[in-house]
Amino acid sequence: MIRGIQASPGIAIGKVHLFEPEELHVGERKVPASEIDREVDRFRTGLSTTREEIEQIRETIRAELGEEQAKIFDAHLMILDDVTAVEETVRTIREEHKNAEFAYRRTLSKIAEEFDVAEDEHFRNTAADVRDVKRRVIRHLLDKPRRSLGRLEGQVVLIAHDLTPSEAALLSKEVVLGIATNSGGRTSHAAIMARGRGIPAVVGLKYVTFHIAEGDTVVVDGNRGIVDVNPSEQALEDYRRRQQQFLALEDSLLVDRDLPAVTPDGRELELSANIEMPEEAELAVARGARGIGLFRTEFFYMKSARLPEEDEQFEAYLKVARLVSPHPLIIRTVDVGGDKFASYLGTQREKNPFLGWRGIRFSLEREEIFKVQLRAIFRAGISGNVKLMFPMVSSLDELRQANALCKQAQQELKRDGIPFGENCEIGIMVETPAAVMIADSLAREADFFSIGTNDLIQYTLAVDRGNEKIAHLYDPFHPAILRSIKTLVDTGHKHNIWVGVCGEMCGDPVSAVILLGLGLDEFSTSPYVLPEIKTIVRSVSFAEAKTLADKAVRLSTAADVRSFVEERIVKKFPHVLFP
């Protein structure tokens, strides 16, 4: 069983088709001086032909899936038209007398490599865009035929290292039952296209192509982010049952999506969704979210080579706020730093970006950028229940400085006669052990806590979850994590502020029962697991969950907690926690 990232909900069961990376051999040759102009013309013709091809694909996707999905290919057109890349390629042809395909490959490979090492998912997606454009142009320069997923026969589960946007555009739900890729994230192009067509998908599996052979039987569980290769007959029966349960759950969603997440004994939980782009809000609402508990805003800063303007941000925030109103929209201020390479922001590559210049540290040093975003957020508050929170807070001084800048932004708006929401709640994401230790002080000056369990686990346990050698130590059931969460809940409630969790932990059915019992007021998780988590909350009494959580917190090791969870929770609620 291989774990990856949930990308598109559903369960697919079928035979594997391995989609191998396209190999285009590009030789290096010297172009005679007399042929240089002709070689430059050949390069520009290749760009022109590629543009026509991309525009045709864009129109096909727009007609089938809509304008939002088609916008993926706008990035391709921008890369194709990038003046720096074109000029560098032409310079290489003219000054070094290199052939066009070699020169273009070298230029775009350098660009892609810069994006590859970024931790930010949007930048890694850009690397895939760059490589897709590079392959497309080189294919035209070499006069090679285009390979196509549209020619697949029968029904298959597609396994690949990655799928480019142009490859993903050719997917058919009638042929491709499911998708699993080594690379990619929830906003990767394969994930977006899979969701648009209703194809279950798991991405970010790293080495799935090395563990699977053509014709293997495979299960792709897009709800849990799991790929199971050649499962036993009994396991297959379980997956088929869960597949039917999921389909039944989907059918009932239209009926149940507006029901509150209330336990049988009356404990109500705010069940919200995490989103990365404005257009994801519609999916969240459709799957039963009662608001947006985490709106990551980095995409504004990653999608282009310029700073986002205030009005541009305001319009995006306002659109989401109106969509989810009267429920809350919680906007996290930008968490961009040394791992994201937005050079125009003044960030640089750091040896350890997770402990570097990021989150609130970046915002407090770049006040001019921070205040533009704050103004846009406050303005969006005129038409919705908008809240904001600061990422990576580790000291009371940081919170005070950020709150002071919020007041300045509000005073500026008032001075300029621009309407804004004056009662915006301002909270913090709790992601560091330092914030847990000083929670009592922070709770006096924050309106709420939202626990970012992904980073909190990583920092508390000193585990890089991207490091395969120690990834097994990244354990949400570690007593230090459960006790930290309990401390935050108890401290927040003592000071009459609400406490939520916006990490992946609350999207896991078993963990959700423990978190419910610890007294969390809000869960914010991936839209794809919302129906299942709501079913759990509505099926488990708070009294039962509290008894289980109280016991789990007192256990001494992660293994003890996990054993207890498996013995008590899974057996006690088999009708809720699908095995």
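In this predicted model, helix α21, spanning residues 530-539, is mostly covered, with 7 of its 10 residues buried. Strand β4 (residues 156-160) is likewise largely enclosed by the rest of the structure, because 5 of its 5 residues are buried. Two helix pairs are also described below: α14 with α15, whose axes lie 9 Å apart, and α19 with α22, whose axes lie 8 Å apart.

**Helix α21**

- The buried set of α21 consists of Leu-530, Pro-531, Glu-532, Ile-533, Lys-534, Ile-536 and Val-537.
- Glu-532 and Lys-534 are among these buried residues, and both count as charged.
- An α-helix has 3.6 residues a turn, so positions three or four places apart point the same way.

- Strand β3 (residues 11-19) pairs with β4 in the parallel sense, over 4 bridges.
- Strand β5 (residues 176-181) also pairs with β4 in the parallel sense, over 5 bridges.
- Val-157 of β4 stands opposite Val-16, and Val-157 also stands opposite Gly-178 in β5.

**Helices α14 and α15**

- Helix α14 (residues 367-380) packs against helix α15 (residues 396-415) at an angle of about 60°.
- The crossing of these two helices is right-handed.
- On the α14 side, the contact involves Glu-367, Phe-370, Lys-371, Leu-374, Arg-375, Phe-378 and Arg-379.
- On the α15 side, the contact involves Ala-402, Leu-405, Cys-406, Gln-408, Ala-409, Gln-410, Glu-412 and Leu-413.
- By class, the residues of this contact comprise 8 nonpolar, 2 polar and 5 charged.

**Helices α19 and α22**

- Helix α19 (residues 479-494) and helix α22 (residues 542-554) pack at an angle of about 125°.
- The crossing of α19 and α22 is left-handed.
- Leu-482, Arg-483 and Lys-486 of α19 make the contact with Ala-552, Val-553 and Arg-554 of α22.
- The contact of α19 with α22 contains 3 nonpolar and 3 charged residues, and no polar ones.

How values were computed. Residues numbered from 1 in each chain as written. Predicted model: local features only at pLDDT ≥ 70, side-chain atom pairs only at ≥ 80, totals over all residues. Heavy atoms only, no water. Axes fitted to C-alpha atoms, helices over the stretch in contact; angles between N-to-C directions. Left-handed = near helix turned anticlockwise from the far one by under 90°. Contact = heavy atoms within 4.5 Å. Buried < 20%, exposed > 50% of the residue type's maximum accessible area, 1.4 Å probe, protein only. Pairing = 2+ DSSP bridges.
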